[in-house]
Amino acid sequence: MASNSKRTVCPLQIPKITQFKIGICQLKVTTEKSANILKARELIQAAAGKGASLILLPEMWNCPCSTDMFAKFAEDFSDIDSAPSLLMLSEVASSLGVTIIGGSVPEKDAGQLYNTCCLFGPNGEFKAKHRKIHLFDMGKPLLGEVQFKESDYISAGKNPTVVDTDFGCIGIGICHDIRFPELAMLYSARGAQLICYPGAFNMSTGAALWELEQRTRQDDSLYVASCSPSRDSAGSYAIWGHSTVVGPMGEIIATTGHDKTVLIVDVDYAAIQRTRESFPLESQRRSDIYQFVDVLTESSNS
Ligand SMILES: NC(=O)CC(=O)C(=O)O
């Protein structure tokens with residue numbers, strides 16, 4: 001399966017679709033992979049049935065959020081026919097004619113595991129994958145968090161991911177990736193209108209930071225959508241839930257509690273333009289004092 005190039009920049013043109021419904025599938029994840037795939041399919045169908053044409057799944061939707069489970073649930077993406085989670089996403093995207101941002105699942109590749117999001121277009125075509133760049137390694141607990149060291153099990157991705165879709169340019173980050181504003185700035189600089197963060201904050205980081213981290217992306221005046229597993233999902237890690245869509249002013253357009261649900265949210269990119277006209281941050285940046293540098297070049301491909 002081809003990977004997205006390291007330095008993708010979306011074309012500077014008006015997206016084909018600027019007003020649409022996004023469906024956020026806050027799934028209950030169990031210890032049975034086949035049941036998770038079935039449930040994900042059902043929630044995608046429910047979202048599409050309610051008019052969503054862009055659909056987002058949670059971080060680790062086919063596998064409990066427990067580091068010791070990742071290897072068992074991992075799929076090799078090099079052959080989609082032997083990757084049942086991806087196969088389902090491709091099939092359901094094509095049968096419903098929707099674009100799916102496939103949350104994340106554990107990916108195995110050359111003896112390594114990755115926490116990976118795959119994006120499928122409305123013909124079921126694989127469009128891109130994002131491997132979580134910033135792994136969630138807790139240092140000394142500050143908020144009473146559970147101990148979690150993702151890097152003991154998962155290797156970090158190396159590429160930022162922006163994808164050119166019918167819904168404009170979409171940047172992908174996975175959970176802890178949201179804490180690094182440089183990544184969002186980079187996506188914004190490459191033309192993103194929307195950043196999607198499949199995520200699974202825990203009970204303490206969730207209460208303190210989940211909403212804040214999403215609303216803070218207002219500094220890029222774009223839409224942010226997050227999707228979490230439900231709190232009663234299986235695994236040793238208690239999940240906050242509260243999938244959310246935030247508008248370009250940092251306003252919460254819609255959010256949910258912690259139970260399994262499908263959230264359908266209207267998105268209108270005209271709000272991005274309005275916000276940027278009111279807050280022309282781009283022209284106000286003081287590049288004489290500080291500079292944002294996109295270090296990747298067209299030719300870098302490692
Ligand atoms: N899954 C994660 O990356 C968890 C995280 O970031 C958190 O704050 O909790």
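## Strand β10 and its surroundings

In this predicted model, Y197 stands opposite S226, a residue of strand β10. That pairing belongs to the contact between strand β9, residues 194–198, and strand β10, residues 223–227, which run parallel and are joined by five bridges. Helix α5, residues 203–215, packs on the sheet, where it touches β10 and β11 (244–246), and its direction makes about 35° with that of β11. Taken together, β9, α5 and β10 make a β-α-β unit, and this unit is right-handed.

On the side of β11, strand β10 pairs in the antiparallel sense, over three bridges, and V224 there stands opposite V246 in β11. Strands of a sheet pair through backbone hydrogen bonds, in either the parallel or the antiparallel sense.

How many of the five residues of β10 are buried? Five of the five are, so the strand is largely enclosed by the rest of the structure. The burial extends to both faces of β10, with Y223, A225 and C227 on one side and V224 and S226 on the other, all of them buried. In a regular strand, side chains alternate between the two faces of the sheet.

### The sheet as a whole

The open sheet to which these strands belong is formed by six strands in the order β7-β8-β9-β10-β11-β12, and its pairing is mixed. Its edges are held by β7 (161–165) and β12 (252–255), each of which has a single partner strand, so that one side of each is left without a neighbour in the sheet. On average, and with direction ignored, neighbouring strands of this sheet are turned by 20° against each other.

T165 lies in the edge strand β7, yet T165 counts as buried because it has 22 C-beta neighbours inside 10 Å, where 20 or more are required. Apart from its neighbours within four places in sequence, T165 is in contact with T99, G121, K127 and I170. T165 and L54 are 111 residues apart in sequence, while their C-alpha atoms are 10.0 Å apart in space.

Most residues other than glycine have a negative phi. M60 has a positive phi although it is not a glycine, and C175, also a residue other than glycine, has a positive value too. The table sets out their places and their surroundings.

| Residue | Phi | Loop | Other C-beta atoms within 10 Å |
|---|---|---|---|
| M60 | about 45° | between β2 (54–56) and α2 (70–73) | 31 |

### The ligand shell

C175 is also one of the residues around the ligand, which are E59, F136, C175, H176, A200, F201, N202 and T205. By class, this shell has four nonpolar, three polar and one charged residues. Among the shell residues, T205 falls within the range of helix α5, residues 203–215, the helix that packs on the sheet and touches β10 and β11.

Notes:
Residues are numbered from 1 along each chain as its sequence is written. This is a predicted model: local features need pLDDT of at least 70, side-chain atom pairs count only at pLDDT 80 or more; totals for chains, interfaces and linings use all residues. Two strands pair if DSSP finds at least two bridges between them. Helices (H or I, at least four residues) and strands (E, at least two) are DSSP runs, numbered from the N terminus. Axes are lines fitted to C-alpha atoms, for helices over the stretch in contact, and angles run from 0 to 180 degrees between N-to-C directions. Two residues are in contact if their C-beta atoms, placed from the backbone, lie within 7 Å. A residue is buried if 20 or more other C-beta atoms lie within 10 Å of its own, exposed if 12 or fewer, and partly exposed in between; C-beta atoms are placed from the backbone. A residue is near a molecule or strand if its C-beta atom, placed from the backbone, lies within 6 Å of it. Ala, Val, Leu, Ile, Met, Phe, Trp, Tyr, Cys and Pro count as nonpolar, Asp, Glu, Lys and Arg as charged, and the others, Gly among them, as polar. A crossover is right-handed if, with the strands pointing away from the viewer, the path from the first strand over the helix to the second runs clockwise.
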